[in-house]
Amino acid sequence: MPEVQYIHPDYFQVDELLSDEHILIRDSVRDWVNRRVKPIINEACQKHEFPLHLTKELGEIGAFGPYIPEKYGGAGLDQISYGLIMQELERGDSAIRSAASVQSSLVMYPIYKYGSEEQRRKYLPLLASGEKIGAFGLTEPNHGSDPGSMQTKFEDKGDHYLLNGAKMWITNSPIADVCVVWAKDEDKIVRGLLLEKGMQGFTAPETLNKWSLRASVTGELVFDNVKVPKENILPGVKGLKGPLSCLNSARYGIAWGVIGAACDCYDTALRYSLERKQFSRPIASFQLTQKKLSEMITEISKAQLLAWRLGTLRNNDKATAAQISMAKRNNVEIALKIARDSRQILGAMGITGDFPMMRHMMNLESVITYEGTHDIHLLITGMDITGINAFA
Ligand code: TGC
Ligand code: FAD
């Protein structure tokens, strides 16, 4: 197995802004990714398979619920630590970061924040250890950017709720043991329900034939008169702000995560350009190659500073949803451009699975769409600065 060569770009000495604990956490996840993800990820993508055997290890390294308190099985870490973990995982592959994002921000977070004490004790430790896998159902076949128009609904039948509807594009759905599903009650108020694998009338077919996030499992959640026990409702939140608050946490993680993908591409292209010769000179000596590399490191540095600052704001509970949207949008955009430009530096070699660029590039096409599309985040910024809603 060839050793992973990787030098993390830190042009603005962001490492100096990190504590010793942050660096320890980051380096241990980096080492795990080098040993456990890098050697298998190309094949997993080619086969369109999620490396399920890694889920318990993700639990062991603390990637599931890093900021959830230790008494529920989490690691009790701060937001910068969470971000650094996402960065390292996505350097491996967006699918691995996705698995950790969904489990941490979209399943454990709502159970921790809005669940009853019984729900926390029942689900959180098993999700933290990776013994149980979670999924988050918000998007529907006819309602993606506009989740407030969702049609999935439930009725109060006295001793249980009766759930009907369908969710689509759900990460982990076919392999999930527990799903946080957002649905409307009889008063059309959005509520969170906990669905478990095996409930009668509940199916989760896989969505195949993806060209992006191929090492992640995606599917539907279909509810055909599912009887949901009343104790499975999340008691602590009503309305669309419930799921949207979970998205704040996941979008924040993505703002860090995609820096990992960008750094992987940049580092690979820099090394290759110094070794590869054309016209008897390293291609790194040509101005056009230097322009690409210089622009990449500039954008990576800006993205690192943005993510770090957002993390400090979140540590103090001061980050706004609009700031998170801006960081998610900017950092995904620059990562995608860096994946494309770095692929060009490798010429034909860049299209092969021997290098990570095409894989990151294709993954990032999902990342720029999920958790709110690129344009939706632009409109969130627009609304924040003008006070005018341009969505509808
Ligand atoms: P709007 O009327 O603006 O808001 C409804 C209520 O929600 C509150 N709110 C938020 N609360 C917390 N955090 C946020 N980010 C919030 N944004 C809005 C708002 O204050 C209001 O509260 P209240 O108390 O007044 O009722 O809602 P709208 O219907 O106009 O929609 C706004 C819009 C378009 C911004 C929003 O719906 C949106 O973000 N759309 C994008 C949908 C999206 O991101 N879906 C993601 C699905 S999950 C996913 O993709 C997982 S990928 C997983 C992986 O990593 O693999
Ligand atoms: P649409 O909402 O139909 O948008 C299509 C286009 O129209 C976009 O370009 C959009 O920007 C544009 N548009 C829409 N409204 C406006 C407007 N008002 N103004 C201007 N332009 C507009 N969802 C979950 O709930 N859970 C998950 O785990 C999950 N995982 C996913 C995994 C993958 C691999 C993918 C690809 C998606 C996942 N999603 C998940 C769904 C994702 O959140 C949605 O795809 C996303 O929110 C966009 O919805 P849509 O695809 O229906 O696009």
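I looked up C265 and noted it as buried, because its relative accessibility is 1%; buried means under 20% relative accessible area, exposed over 50%, and partly exposed in between, with a 1.4 Å probe and protein chains only. I am working on a predicted model, where local features need pLDDT of at least 70, side-chain atom pairs count only at pLDDT 80 or more, and totals for chains, interfaces and linings use all residues. Residues are numbered from 1 along each chain as its sequence is written, chains are lettered from A and ligands numbered from 1 in the order written, and side-chain values use heavy atoms, without hydrogens and water.

I then checked the sulfur of C265: the closest cysteine sulfur, in C263, is 9.3 Å away, which is too far for a bond.

How many disulfides does the whole structure hold? My search found zero, a disulfide being a pair of cysteine sulfur atoms within 2.5 Å.

Next I turned to S245. I found S245 in helix α6, residues 241-275 (a helix is a DSSP run of H or I, at least four residues, numbered from the N terminus). Is S245 buried or exposed? I put it down as buried, because its relative accessibility is 16%.

I listed what S245 touches: Y109 and Y114, leaving out residues up to four places away in sequence (contact means heavy atoms within 4.5 Å).

Conventions: Helix = DSSP H or I, 4+ residues; strand = E, 2+ residues; numbered from the N terminus.
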